[in-house]
Amino acid sequence: MTDTQGLIDDMYRLGDPIADTKAPTDVPIEQRWTQAKFDNKLVNPSNRRKLSVIIVGTGLAGASAAATMGQAGYNVKAFCYQDSPRRAHSIAAQGGINAAKNYNDDGDSVYRLFYDTVKGGDYRSREDNVYRLAEVSTNIIDQCVAQGVPFARDYGGLLDNRSFGGVQVARTFYARGQTGQQLLIGAYQAMERQVAAGSVKEYTRHEMLELIVVDGKARGIVARDMVTGEIETHVADVVVLASGGYGNVFFLSTNAMGCNVTATWRAHRKGAYFANPCYTQIHPTCIPVSGDHQSKLTLMSESLRNDGRIWVPKRKEDCAKDPRDIPEEDRDYYLERIYPAFGNLVPRDIASRQAKYVCDEGRGVGPMVGDFRRGVYLDFSDAISRMGEAAVKAKYGNLFDMYARITGENPYQTPMRIYPAVHYTMGGLWVDYDLETSIPGLYAVGEANFSDHGANRLGASSLMQCLADGYFVLPNTIRDFLAEGPFEEISEDHPAVVEARQSVELRIDKLLSINGERSVDSFHKELGHIMWEYCGMERTEEGLRKAIDLIRSLREEFWRNVRVLGSANTLNQSLEKAGRVADFLELGELMCIDALHRRESCGGHFRAESQTEDGEALRHDDQFLYVGAWEFAGEASGGPGAPVLHKEHLVYKSIELKQRSYK
């Protein structure tokens, strides 16, 4: 068969269907996690000391997993590319963490959190995993309070709650606008306790560049010491990837600039399926782009939508005015108008899309960027009148201060300006109920897996998933694999280890030898522009096909004309970025292929060809009720070969499938 025979859309091939076989489906959904924990094999304490675990990433998912596995007695190696785990990007999740505690007695429950998460994800997540997430959420808060996380309290001293988008109850626990940071400090302290005890060994300033697979099982990683440039091999009995998401494929995103896809992409190239790569979340509450000089965007917590009201002028000619000079009758509170039941607390995808629409109409505010004013107002004047400035400052003061420092504007006096930006990725490595990938012995947790969020994550659910995976789920599922130990010892001269190390060294040598004329950042910026224009908030078949051609051409030029400064055996940030952008160039193509094949509007992924009469997203459950898990098909001329699509069909028995409505 020739290379083009059997291709679908000239882009990909269809593989065998897959399924999650780990969830115990013979019992009711509310009993499955309890049954799974009982069914999973145990590892007695003396045997745990003989077993080793590598964890890549020390954000909330990785640090909590390392702390829990170390506490259990396993030998853990924890890797991060930052100079301290406290600098993980988890700190950027500022607004809060969901849990079905129902402290407000407003009708919340485990089932309602389960329902809201499945509905918010537009019915593209797995029921079993989401129910477990909702069930475990109640334990997370108790764990974190015991660690000393300073959650906000009400007047009586009880834990306080606020609402987030997509729900009608208050279930979000928070620590001012610093929730992610405070939770990370809690997980970091728990991990450092195990470092002191000797069960966890910490490797900072180390970047994973390859996965070691021996006889079909993950047995270690190849990492580069980012200070000395030394290439190191580390072997273990099992590998856990907790390396976060890939939003920086868009260049401009709310992610920290070091966030990348390399750990999960290297695993994908070794056989781990990559699920739903086109599922990226556009966050509606970000400081708008101000010009071509920017290298990242800043997230303003979604918690601001609790008390801030979103509006734009009704008339285009008012857009350049001082907002305080625009009378109430000339303001369009468009979310409150279109979605009266939820108002400013509609889910993120809906809020983002509506902001884009009003700006495309010419009613955006703020400075002109290109041909548009890309901003809408987030106005706290009503809240300040109702609560007083001191109360607003107590709830959101650090966010207001951050906005003022970045924009030079006082948000207590004039409305904030916000606009959607790439924030989170719902796609990631495919995992089963045990969080194990398609490579035995390789697990993925937190944002690194394809997650429990379907096609759109509800606000305050990322922290919930990361800590659920790290503290409660992974430690109970990974032991089922580790119970098969002790495993064969793998030496550094094992052929698979040598091959993985050599592949890293050859790749580094190639990047340094090209000596072209373009900087790494110029390629990254061009890729990001392609991704945002054609695979961002709105997509078309024509645009996605154009994007794939553009990315392929850009990748070819990258490997011919990139200029990577410095040498391999020293600190070299140009080399670090080059490796990451090379992986983004491959991932970007797969994202566009995934978006092209999914001819429906779903969650935050709006296909212009698939919409209702009033312009809302239109799903096609008869055709796309599945997780799209992509298999790497090896190298072809100029890049990866045609990927293979494996479909995991989704079955809904506990929740009725229906078109989302927040009106």
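The text below covers cavities and pockets, then a helix, strand pairing and cysteines.

The model is predicted: local features need pLDDT of at least 70, side-chain atom pairs count only at pLDDT 80 or more, and totals for chains, interfaces and linings use all residues. Residues are numbered from 1 along each chain as its sequence is written, and side-chain values use heavy atoms, with hydrogens and water left out.

**Cavities and pockets**

On a 1 Å grid over the protein atoms alone, a cavity is a set of points where a 1.4 Å probe fits but cannot get out, and a pocket is an open set with protein on both sides within 12 Å along at least five of seven lines; lining residues have an atom within 4 Å of a point. Grid points are joined across faces, edges and corners, and a volume is the space filled by probe spheres set on the points. For the linings, Ala, Val, Leu, Ile, Met, Phe, Trp, Tyr, Cys and Pro count as nonpolar, Asp, Glu, Lys and Arg as charged, and the others, Gly among them, as polar. Helices (H or I, at least four residues) and strands (E, at least two) are DSSP runs, numbered from the N terminus.

The whole structure contains 7 cavities of 30 Å³ or more.

| Space | Volume | Lining by class |
|---|---|---|
| Largest cavity | about 620 Å³ | 18 nonpolar, 18 polar, 3 charged |
| Largest pocket | about 1000 Å³ | 14 nonpolar, 15 polar, 8 charged |
| Second largest pocket | about 870 Å³ | 15 nonpolar, 7 polar, 8 charged |

The largest cavity has 39 lining residues, with H89, A242, S243, G244 and G245 nearest its centre. Elements that each give at least two residues to this lining include α3 (60-72), β7 (206-214) and α12 (462-482).

Of the 37 residues lining the largest pocket, N255, A256, M257, G258 and K296 are closest to its centre. Helix α16 (573-597) is among the elements that each supply at least two lining residues, and α16 gives the most, with 6 residues.

For the second largest pocket, V289, R374, H529, W532 and E533 lie nearest the centre among 30 lining residues. Here α14 gives the most, again with 6 residues, while α9, β18 and β21 (538-539) each supply at least two.

**Helix α9**

Helix α9 (residues 348-363) is largely enclosed by the rest of the structure, because 12 of its 16 residues are buried (under 20% relative accessible area, 1.4 Å probe, protein chains only). Among the buried residues are R348, D349, R353, K356 and R363.

**Strand pairing**

Two strands pair if DSSP finds at least two bridges between them. An open sheet of 3 strands has the order β7-β8-β9, paired antiparallel. β7 and β9 (231-235) are at the edges, each with a single partner strand, so one side of each has no neighbour in the sheet. Between β7 and β8 (residues 217-225) there are 8 bridges, and I212 stands opposite G220 in β8.

Elsewhere, β26 (residues 644-649) pairs in the parallel sense with β1 (residues 13-14) over 2 bridges, where R13 faces V644. β26 also pairs with β23 (residues 626-631), in the antiparallel sense over 6 bridges.

**Cysteines**

The structure holds 0 disulfides (pairs of cysteine sulfur atoms within 2.5 Å). For C592 the nearest cysteine sulfur is that of C535, 4.2 Å away; C592 is buried, at 0% relative accessible area. For C602 the nearest is that of C278, 8.8 Å away, and C602 is also buried, at 1% relative accessibility.

Key: Buried means under 20% relative accessible area, exposed over 50%, partly exposed in between (1.4 Å probe, protein chains only).
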